[in-house]
Amino acid sequence: MIGWLILSVLAVLILTVLIRGAMFRPSAAQTEDSFDDVTVDNEEAVANLQKLVRCRTVSYEDSTIEDDKEFDKLTGMLPSLYPEVIRVCEEIPVHKRAKLFLWKGKNHGNPDAEASVLMAHYDVVPVEEDSWEKLPFEGIIEDGTLWGRGTLDTKVTFNGILTAANRLIREGFVPENDIYLAFSGSEEIQGPGAAVIVDYFQKNSIRLSMVIDEGGAVVENVFPGVAKPCALIGIAEKGIMNLRLSTKSAGGHASAPKPHTPVGVLADAVKKVEDHPLPMHLTAPALKMFDIMGRESTFLYRIIFANLWLFKPALNILCKKTGGELNALVRTTVAFTQMEGSKAPNVIPPSASVIANVRINPAETIKSVIPSLHSRIGNDAVKIEPIGNYAIDPSPVSRTDVEGWARVVHAVKGTWRGTLVAPYLMVQCSDSRHYRDISDRVYKFSAMHLTKEERGLIHGSNERITLPAVGKAVEFFYRLIRES
């Protein structure tokens with residue numbers, strides 16, 4: 001009797017899971033709308049970006065080694081590259097490493113009107129030129145590709161915004177509501193550029209309907225069972241902090257070591273943290289992404305994502321084992337990046353340390369992470385402390401039930417036809433984090449279709465972009481601005 005009861009319950013469970021999987025189908029929101037065609041002058045867009053790349057706008061933590069002339073060179077080009085923007089838009093002085101332009105809309109001055117903010121940064125990270133196949137600041141074009149630092153991050157969107165705006169102004173277009181073009185020259189070092197722009201908005205009580213900055217992209221093969229290209233738009237951003245794990249000893253000669261040296265103690269601590277990752281949290285960005293992408297997946301994966309109440313433990317194991325982007329989406333990650341010990345190979349160090357870069361899930365905070373790591377390590381001899389001046393909790397989650405989100409989605413679908421669109425959690429940091437207190441409509445999308453290889457070029461050697469992708473960025477912003 002008990003056996004039959006168990007079999008009956010099991011049968012009902014299996015049937016429920018299968019029915020839920022079968023009903024887990026794409027929603028009407030992912031069907032194709034009607035779009036007009038937009039023709040972009042790709043040669044002009046590429047030529048503009050090429051000139052921007054030739055400016056060595058490299059940011060350094062030590063500002064004394066930055067080349068101010070290169071930053072001035074880039075900003076000095078704007079009147080010749082984007083003359084209509086400079087003619088029509090009011091430049092608002094905010095900071096030497098920030099550019100803010102106001103494009104007044106038909107409703108300018110209406111206290112109920114809400115403005116849009118289009119963001120990018122024009123500074124870039126340093127390069128090791130010896131590791132590049134092409135010189136990183138020459139803007140070399142070869143085989144349909146433009147090489148150079150900043151082609152992907154983010155002079156392409158800087159150029160895309162300004163080229164699109166320049167064309168629309170030339171065509172006589174006037175937006176319904178104000179548009180701010182907001183550019184920072186210090187994003188790569190967490191500089192003040194974007195922060196002072198946000199201060200301006202706060203002081204002037206400017207209401208925002210949408211903020212768009214770098215983030216996700218159109219990608220492929222990032223979600224199990226989904227063959228279509230997917231546009232991932234960040235609606236939240238993980239927090240970040242750097243931690244130092246350290247321990248001390250009496251030191252001494254390496255010929256007669258104790259059972260565990262400081263390096264060994266830290267190695268054990270690192271292994272415990274890596275073997276026991278912080279807990280999985282399915283926050284709103286992840287759940288929304290799973291709901292949309294899961295419906296487009298194969299039947300096996302539809303069963304899983306339609307029944308997360310049952311398969312969450314299996315998903316947790318999969319993420320822990322594989323790591324990477326999917327794992328980063330669902331938990332706080334701890335990446336050990338630096339280690340320091342003795343100054344000599346035959347000396348036991350009196351102290352040793354390792355540095356961890358921590359990316360914090362929206363379900364956790366800066367304060368909650370350190371106790372969690374202590375509990376995993378279980379050794380009071382290991383001290384954990386934050387380092388540096390840069391630490392920030394995860395951002396709030398932006399809304400997807402508002403016009404600003406709909407405009408971004410529509411522009412994506414019009415530019416990259418047949419692409420799925422889904423929210424996601426951005427695991428990197430961007431300047432848009434500064435908007436957390438003044439808007440719940442902050443979207444993180446880099447207007448490009450990027451392969452896995454191309455995504456790996458960001459901040460790496462041989463950064464480059466295909467020439468058609470340059471024009472696509474212009475098309476995206478043209479469509480987005482036209483609906484403002």
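# Exercises on a predicted model

Asn-462 sits in the loop between helix H14 (452-457) and strand E17 (464-466). Helices (H or I, at least four residues) and strands (E, at least two) are DSSP runs, numbered from the N terminus. The model is predicted, so local features need pLDDT of at least 70 and side-chain atom pairs count only at pLDDT 80 or more, while totals for chains, interfaces and linings use all residues. Residues are numbered from 1 along each chain as its sequence is written, and side-chain values use heavy atoms, with hydrogens and water left out.

## Exercise 1: Backbone exceptions

Solution. 
- Start with the general rule. Most residues other than glycine have a negative phi, and most peptide bonds are trans.
- Take Asn-462. Asn-462 counts as buried because its relative accessibility is 10%. Buried means under 20% relative accessible area, exposed over 50%, partly exposed in between (1.4 Å probe, protein chains only).
- Take Gln-190. Gln-190 lies in the loop between strand E6 (179-184) and helix H6 (193-203). With a relative accessible area of 35%, Gln-190 is partly exposed.
- Now the peptide bond. Thr-154 belongs to the loop between strand E5 (145-147) and helix H5 (155-170).

## Exercise 2: H9 against H10

Describe how helix H9 (residues 299-306) packs on helix H10 (residues 308-322).

Solution. 
- Two packed helices are described by the angle between their axes and the distance between the axes.
- Read both values. The angle between H9 and H10 is about 105°, and their axes are 6 Å apart. Axes are lines fitted to C-alpha atoms, for helices over the stretch in contact, and angles run from 0 to 180 degrees between N-to-C directions.
- Classify the angle. H9 and H10 are therefore roughly perpendicular to each other. The classes are: under 35 degrees roughly parallel, over 145 roughly antiparallel, 65 to 115 roughly perpendicular, and the rest oblique.
- List the residues. H9 brings Ile-303, Ile-304, Phe-305 and Ala-306, and H10 brings Leu-308, Trp-309, Phe-311 and Leu-315. Contact means heavy atoms within 4.5 Å.
- Sort them. Eight are nonpolar, none is polar and none is charged. Ala, Val, Leu, Ile, Met, Phe, Trp, Tyr, Cys and Pro count as nonpolar, Asp, Glu, Lys and Arg as charged, and the others, Gly among them, as polar.

## Exercise 3: H1 against H10

Repeat the analysis for helix H1 (residues 2-23) and H10.

Solution. 
- The axes of H1 and H10 come within 12 Å and cross at roughly 90°. That makes H1 roughly perpendicular to H10.
- From H1, the contact uses Leu-13, Val-17 and Arg-20. From H10, it uses Trp-309, Leu-310 and Phe-311.
- By class, five of these residues are nonpolar, none is polar and one is charged.

## Exercise 4: H10 itself

Follow H10 and note its bend, its buried residues and what comes just after it.

Solution. 
- H10 bends by about 30° at Ala-314. The bend at a residue is the angle between axes fitted to the seven residues ending there and the seven starting there.
- Leu-308, Leu-315, Asn-316 and Cys-319 of H10 are buried. Their cover includes helix H8 (284-295), H9 and helix H11 (324-330).
- Just after H10 comes Gly-323, with a positive phi of about 65°.

## Exercise 5: Cysteines

How many disulfides are there?

Solution. 
- Apply the rule: a disulfide is a pair of cysteine sulfur atoms within 2.5 Å. The count is zero.
- Check Cys-230. Its nearest cysteine sulfur, that of Cys-319, is 16 Å away.
- Cys-230 is buried, with a relative accessible area of 1%. Cys-429 is buried too, at 18%.
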